[in-house]
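Please read this note with the sequence and the model side by side. It takes a few features in turn and is meant for someone new to reading structures.

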Amino acid sequence: MGIGVSYSQMIRSQNSNISVQDTTKSVADTSTNFLKASIGKDTVVMKNDSGLETVVTIVANDSAWNEVSKNVIHLYSGAKVKYQEFELSADYIRLDRNTNMLYASGVKDHTGKYVGRPVVLFPNETPKAVDSLLYNYKTQEGKTFGIMTEEDGGYIQARVLRKNIYDEMSIKHAMYSTCDLPFPHTHFGIAIPKGLITSKQVIAEWPHLVVQGIPFKFLTVPFGFFPKTNKKQSGFLFPSFGDDVTRGFGLRDFGWYLTFNDYWDSELRGSFYSKGAWESSIRTNYLVNYKYSGGFNLRFASTPTGVEGSESFKRAKDFNVTWTHTQRQEANPGTSFSASVNFGTSSYFQNSGAGSTYNYEQLTRNNMSSSISYGKVFADGKVNFTSSATHRQDMSTGKVDLELPQFALNVSTFNPFDSKDRVGEQKWYQRITVGYSLQGRNSLSTGDSTIFSKQTLQQFTNGFQHNIPVSLSLNAFKHFQFNTSVNYTERWYLQSIRNYRANELNGYINVKDTVGGFRRAYDYSMSSGLSTKVYGIMDRKIGKIEAIRHVITPSINFNYRPDFGDPKYGFYREWTDKDGRLADYSIFEGAIFGGPSSGKSMGIGFSVDNNIEAKIRNKSDSSDTDKEAFKKIPIIQGLTFSGNYNFAADSLKLSTISFSGRTSLFKEKINLNFNGTFDPYVLDSRGQRIDRFTMKDGKLARLTNFGLSFDYSFNPDANKSRNNNLDSMRNQMPNMTKEQSEALSRISRDPNAFVDFNIPWNLSGSFSLQYFTRFDQDVRRERSDYTATVNLHGDVNVTPKWKIQFNSGYDIRRNEIAMTNFSIYRDLHCWDMSVGWVPFGRFQSYNITIRAKASVLQDLKLTKRNSHYSY
C-alpha cells in the first residue's frame with residue numbers, strides 16, 4: 001500500500017529587503033529595520049538577488065501589531081498571508097525579520113478549546129490543516145506540527161514534519177490509517193517512529209502495527225520501503241474468512257491482482273472449504289476512455305455431494321462465464337456493438353451458493369441468457385443492419401436455445417412514385433409507400449450436457465425471410481382515415497421434411513425425414529380498412545365533476561389471404577397417418593420461419609379503443625393565477641376490444657375477443673393495468689371448441705383469462721431517490737442491454753449499493769392477479785383457477801446511522817408467505833456493517849459482514865455466515 005504526503009514548497013524567495021506598509025502604527029526610524037509607515041493595505045515587498053519585487057498580502061480581521069524594536073509582525077484572528085498562489089490562514093501568524101521565520105498557529109478560546117488551526121493552500125492541491133508550522137523563507141526549509149494529509153484513500157498523521165529545499169520531508173511519530181479522525185475508528189494503523197518521504201517512495205524506520213492503541217513492536221522490520229506511484233500495482237488479494245453450515249470453515253477469495261497497463265487488469269481468486277469444496281475464478285476488466293468498456297469472469301466450482309464413502313457420494317463440477325461490453329456512441333457514429341453474456345452449467349448457482357455470495361436473485365433464477373449484437377446504419381440512415389448471437393438456457397430442464405447468428409436488414413419506407421421536384425400536395429398514387437426487410441437465422445435447441453457434441457452441432461436449422469410491405473393512407477369522407485396494404489413474404493430454406501409410414505419388424509412406424517435442397521415458400525395478404533374518432537361529452541355537473549369526455553376510436557378492416565394449402569403451390573403433401581387416414585402436412589413444418597398456412601381467409605377485423613376522462617375543478621382559490629381552474633383526471637385509458645370474423649372458414653368463424661386497459665388511482669399514484677380474453681364458443685365434452693355460440697346458452701361469452709396488476713409507494717421521495725441512483729449509473733453506461741438494465745434494478749434494492757439515510761422511511765407494495773380456465777378431463781367440464789400474490793418491501797431509519805430493509809410477500813392462492821429477508825445496515829464512519837437474514841423457507845440463512853470503506857482496504861472484511869441451504 002502506498003504512503004505519501006503531498007507537501008508543496010512554501011514561500012520561496014531569496015530576499016534582501018522587506019518593506020511593510022502599516023495602517024496602525026507610525027515608525028520613526030527605517031534605516032535599520034527597513035520598515036516605513038504609510039496609509040493603505042498591509043503588504044510585504046520581497047526583493048530577490050536580481051532586484052525583482054514580489055508582493056505578499058497580509059490581512060488580519062482583529063488586529064495587526066508591528067513590533068518595530070524586534071522587527072516582528074503579529075497578526076491575529078483570521079489572519080491571512082498570500083504569496084503568489086500560496087495562501088496561509090490562521091488565528092495567529094508571526095513574521096520575524098531577524099530570524100527569517102514565519103510562524104502560524106491556532107489559539108485557545110474562552111473554553112480552552114484549540115481553534116483557528118493554520119490552513120495551508122498550495123497550488124493545485126486541497127487545503128491542509130495543521131496544528132502549527134515554522135518556515136524559514138530564506139533557507140526555504142519548514143517544520144510542521146500535527147499535520148494530516150490524504151493519499152489514495154489513506155491518511156497519514158505526523159506530530160512533526162520537516163521539509164528541505166529538495167522537496168524531501170522527514171516525519172516523526174507518524175501514524176498511517178484509513179480513517180480521517182485523530183483516533184481512527186478502524187482501531188488499527190501503521191506507526192512510523194521516523195521516516196523520510198520523497199517524490200517516489202516513503203522510507204520508514206521500524207514501522208509496526210498498532211491495534212486499539214497497543215503497539216505490536218515485535219511485528220516489525222528495521223526498515224520499510226513503500227512506493228509512491230500514480231499507477232496501479234499488482235499484488236496479493238487478502239482473503240475473507242467465514243463459516244458455512246453445509247461446506248464448513250472457508251478461506252474465501254484469496255488470490256493475486258494483476259495490472260498490465262492503464263486499460264485492463266485481472267484478478268485470480270480461489271476459495272477452499274474444510275468439507276472439500278473449492279472454487280476458482282478469473283475476472284478481467286478493460287476500459288478505453290471515450291470508446292468502450294467491459295469485463296469477463298470465468299468461474300469454476302467443485303462441490304462434493306452425498307455422504308463420503310457411500311455410493312451416493314460424488315463431486316459436482318460446474319462453471320459459469322459472464323461477459324459485458326459497452327461501446328460509447330460517440331466513439332464510432334453509426335456503428336454499435338454490445339455484449340451481455342451469461343452461460344454455464346445449470347447447477348452452478350445452486351451447487352456453489354451463487355459463487356459464495358448467496359445472492360437470492362441468483363439462487364432463485366430459472367434461466368440464463370446472453371446476447372452479442374452489432375449494428376450499422378448506411379445510406380444516410382435509410383438502411384439499418386443489425387446482427388446478434390443469443391443464448392437462452394432453462395436451468396430447471398437444462399434446455400438450451402442458441403441463435404448463432406441472426407441478422408436483419410431493414411430499409412426505411414419510401415414513396416417510389418413521388419418526385420423531389422413535386423409542386424403542391426401529393427396525389428393519391430404519390431402517397432404509396434414501400435418497405436423491405438431481410439432476416440436470417442441459424443438456431444439450435446438442445447440440452448446443456450450435449451451442446452458441444454459433434455452430432456448436436458449438425459442439428460442447426462437455418463433460413464432467410466424477405467418481407468415487402470406496400471401501403472397507402474388517405475383521408476376519406478372528411479372524418480375517416482382509409483388504409484390499404486399488401487404484404488408479401490418469401491422464405492428460403494436449405495432443407496424440408498417428408499412424412500411417411502415405414503414397415504419395421506414390430507410394425508409400421510411414423511418417420512419424419514429431412515431432405516436437403518433449396519426450397520422457397522411464399523405467401524401474401526391484402527387488407528383495407530377505415531378508422532375514425534368519435535367524441536362524446538357529458539357536460540353535466542356531478543359533485544366535483546364538471547364534465548366527462550369519452551373518446552371512441554373504432555376501426556374496421558377487410559382482409560384476404562389465399563389458401564396456400566392448395567396442391568398447386570406444393571407447400572403441403574398428403575400422407576397416411578397411424579389411423580390409416582389421409583392427412584395433409586406442411587413440408588416446412590418446424591422450419592425456423594415457419595411456412596405458409598393452409599386455409600383461405602377472408603374476413604373483417606375490428607377494434608374499438610376507449611378513453612374516458614373527467615374534468616374537475618381545482619380546490620385552490622380560483623383567484624390563484626398560478627394554477628389552472630380545472631384539471632383532467634383519467635378514468636379509463638386505452639380500453640380496447642379487438643377480434644376478427646373469417647367468412648371463408650367452414651366453422652368457428654369468429655375469433656376470440658381480447659381486451660386490455662389501464663387506469664390511475666389516487667392522483668395517479670397507482671397505475672392499474674388489466675387484460676383478458678373472451679371466447680364466444682362453447683366447449684364439448686372433450687374440451688374442444690364447437691361451432692355453437694355461448695349466447696345460445698344464455699351467456700355473452702366465456703372469460704378464459706384475466707390479469708390485473710398494480711404497485712404503489714407510500715413515500716414518493718424514496719422512488720425519486722432510487723430513480724436518481726439508477727439514472728446516475730445509466731449515464732455511466734449509456735448502451736446498456738436489457739439484462740444490464742434488469743441488473744441495475746436489482747442493485748438499487750441492494751442495501752450495500754444505495755443506502756440513502758436522507759430518506760427516513762419507505763414502504764412499497766404490489767399486487768398481481770392471474771385468472772384462467774382449464775378443462776378438467778376427470779369431471780368433463782371447465783374449471784376456474786387463479787394465482788395471486790402481494791409483495792411488500794421497504795426500509796426505515798432506526799437512528800441516523802442505522803437502517804433496516806425488508807422484502808416479503810404473500811401467495812394468496814397457496815396461502816403461504818413468500819421468501820422473506822431482512823437487511824440491517826450500519827454506517828460506522830470508516831467502516832460498513834451489513835446483516836442479512838432469511839428467517840424461514842428453503843434459503844433460511846444469515847450473514848454478517850464488516851468492511852472498511854477505504855478503497856485500499858476493500859479486500860479487508862470479516863464475514864460470519866450461516867446457511868441452511870441444502871445442495
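This is a predicted model: local features need pLDDT of at least 70, side-chain atom pairs count only at pLDDT 80 or more; totals for chains, interfaces and linings use all residues.

1. The protein chain contains 5 helices and 54 strands, and of its 871 residues 36% count as buried. Among contacts between residues at least 6 apart in sequence, 49% join residues at least 24 apart. The chain exposes about 50400 Å², of which carbon and sulfur atoms supply 55%.

2. The largest nonpolar core has 29 residues, and the members that touch the most others are Leu75, Leu88, Ile93 and Ile171. Several strands give two or more residues to this core, among them strand S5 (72–83), strand S6 (86–96) and strand S15 (169–177). A second, separate core has 12 residues, including Ala521, Tyr572, Trp575 and Ile592. As general background, nonpolar side chains in soluble globular proteins tend to be buried together.

3. Is Ser132 buried or exposed? Ser132 is found in strand S12, which covers residues 132–136, and with a relative accessible area of 11% it counts as buried, because buried means under 20%. Apart from its neighbours within four places in sequence, Ser132 is in contact with Tyr103, Ala104, Ser105, Pro118, Thr144 and Phe145.

4. On the surface there is a nonpolar patch formed by Phe236, Phe238, Trp256, Leu268, Ile282, Phe296 and Leu298, which together have about 640 Å² of accessible area. Phe236, one of these residues, is found in strand S21 (residues 235–237), and at 43% relative accessibility Phe236 counts as partly exposed.

5. Phe300 lies in strand S26 (residues 292–305) and is partly exposed, with a relative accessible area of 29%. Not counting residues up to four places away in sequence, Phe300 touches Trp278, Glu279, Ser280, Lys317, Asp318 and Phe319. The C-alpha atoms of Phe300 and Gly344 are separated by 9.5 Å, although the two residues are 44 residues apart along the chain.

6. Some backbone details deserve a careful look. Most residues other than glycine have a negative phi, and most peptide bonds are trans. In this model a cis peptide bond joins Leu404 and Pro405, with omega about -10 degrees, and Pro405 has its place in strand S31 (residues 399–414). Asp380 has a positive phi, near 55 degrees; Asp380 sits in the loop between strand S29 (367–378) and strand S30 (383–394), and is exposed, with a relative accessible area of 80%. Arg780 also has a positive phi, near 60 degrees; Arg780 is found in the loop between strand S47 (761–776) and strand S48 (781–799), and is partly exposed at 47% relative accessible area.

7. How many salt bridges are there? The count comes to 19. In one of them, Glu67 pairs with Lys70, with the closest N and O atoms 3.5 Å apart; Glu67 is buried at 13% relative accessible area, whereas Lys70 is partly exposed at 49%.

8. Another salt bridge joins Asp523 and Arg491, with the closest N and O atoms being 3.5 Å apart. This pair links distant parts of the chain, with Asp523 in strand S35 (residues 507–531) and Arg491 in strand S34 (residues 480–504), 32 residues apart. Asp523 is buried, with a relative accessible area of 13%, and Arg491 is buried, with a relative accessible area of 8%.

9. The side chains of Arg774 and Asp785 also meet in a salt bridge, at 3.9 Å from N to O. Arg774 lies in strand S47 and Asp785 in strand S48, so the pair ties together parts that are 11 residues apart in sequence. Arg774 is partly exposed, at 42% relative accessible area, while Asp785 counts as buried at 15% relative accessibility. Finally, a network of salt bridges links Asp679, Arg689, Arg702 and Glu782.

Key
Residues are numbered from 1 along each chain as its sequence is written. Side-chain values use heavy atoms; hydrogens and water are left out. Helices (H or I, at least four residues) and strands (E, at least two) are DSSP runs, numbered from the N terminus. Buried means under 20% relative accessible area, exposed over 50%, partly exposed in between (1.4 Å probe, protein chains only). Contact means heavy atoms within 4.5 Å. Patches are made of residues with over 30% relative accessible area and no salt bridge: like charges are joined within 9 Å, nonpolar side chains (Val, Leu, Ile, Met, Phe, Trp, Tyr) within 5 Å. Accessible areas come from the Shrake-Rupley method with a 1.4 Å probe; for residues, only the protein chains shown count as cover. A salt bridge is a side-chain nitrogen of Lys or Arg within 4 Å of a carboxyl oxygen of Asp or Glu. A nonpolar core is a set of buried Ala, Val, Leu, Ile, Met, Phe, Trp, Tyr and Cys residues joined through side-chain atoms within 4.5 Å.
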